[in-house]
Amino acid sequence: KGAKVFEQDATWSNRNIFIEDRLIANKASGDILDASGLIAIPGLIDIHFHGCMGYDFCDGSEEAIRAMARYELSEGITTICPASMTYDEERLGQSYDCAKLVRDSQSKKEATIVGINMEGPFISYEKRGAQNPEFIHKPDSDMFRRLQARSGNMVKLLDMAPE
């Protein structure tokens, strides 16, 4: 009740927002939250993060991905696309397997995982930044297809060196 809302015409207005089953609705019943003085915005989307809460996406564990998804949701991030690092195919595959498992069994207490940001290994050796040079190699479409299959087609962003 009384939230400051950004309207389609790029203005702000104080309005009531009705929610039913976690979606905006025309009307709702139940509890009323006094949102006076608060701003209501859509859930945020994080398309590039490697980890948080002591975990990394490439830990390759369901526990890690779920802990990160719970934390992200607690901060207003409703949708995530975690980034992998430059590792060998098996380690990436294990992480991608876990991402698929989490996607297919998401909890309402977790940010929704909608994809994977494949940051390596098809990157420039000279411009590698913090990526492990041991696993950098030229683009390999067969490797990509295998990883994409393991992930259930979740790779949505792919970094590739232009050279």
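This is a predicted model: local features need pLDDT of at least 70, side-chain atom pairs count only at pLDDT 80 or more; totals for chains, interfaces and linings use all residues.
Reader: Which strands form the open sheet, and in what order?
Author: Three strands form it, in the order E6-E9-E11, and their pairing is parallel.

Reader: Which strands stand at the edges?
Author: Strand E6 (44-46) and strand E11 (112-113) do; each has a single partner strand, so one side of each is left without a neighbour in the sheet.

Reader: How many bridges join E9 to E11, and which residue stands opposite threonine 79?
Author: Two bridges join these parallel strands, and threonine 79 stands opposite threonine 112 in E11.

Reader: What about H1, where does it lie?
Author: H1 lies across E6, E9 and E11, and runs at about 140° to E9.

Reader: Changing topic, which residues touch the most other members of the largest nonpolar core?
Author: Among the 26 residues of that core, these are Phe57, Ile65 and Tyr96. The elements giving two or more residues to this core are helix H1 (62-74), strand E9 (77-80), helix H2 (89-103), strand E12 (116-118) and helix H3 (141-151), and H2 gives the most, with five residues.

Reader: And what does isoleucine 65 touch?
Author: Not counting residues up to four places away in sequence, isoleucine 65 touches Phe57, Ser95, Cys98, Ala99, Val102 and Ile113.

Reader: Where does glutamate 20 lie, and what is its relative accessible area?
Author: Glutamate 20 lies in strand E3 (residues 18-20), and it is partly exposed, with a relative accessible area of 46%.

Reader: Which residues is glutamate 20 in contact with, leaving aside neighbours within four places in sequence?
Author: Glutamate 20 is then in contact with Ala25 and Lys27, while its C-alpha atom is separated by 9.4 Å from that of glycine 30, ten residues apart along the chain.

Note on methods: Residues are numbered from 1 along each chain as its sequence is written. Side-chain values use heavy atoms; hydrogens and water are left out. Helices (H or I, at least four residues) and strands (E, at least two) are DSSP runs, numbered from the N terminus. Buried means under 20% relative accessible area, exposed over 50%, partly exposed in between (1.4 Å probe, protein chains only). Contact means heavy atoms within 4.5 Å. A nonpolar core is a set of buried Ala, Val, Leu, Ile, Met, Phe, Trp, Tyr and Cys residues joined through side-chain atoms within 4.5 Å. Two strands pair if DSSP finds at least two bridges between them. Axes are lines fitted to C-alpha atoms, for helices over the stretch in contact, and angles run from 0 to 180 degrees between N-to-C directions.
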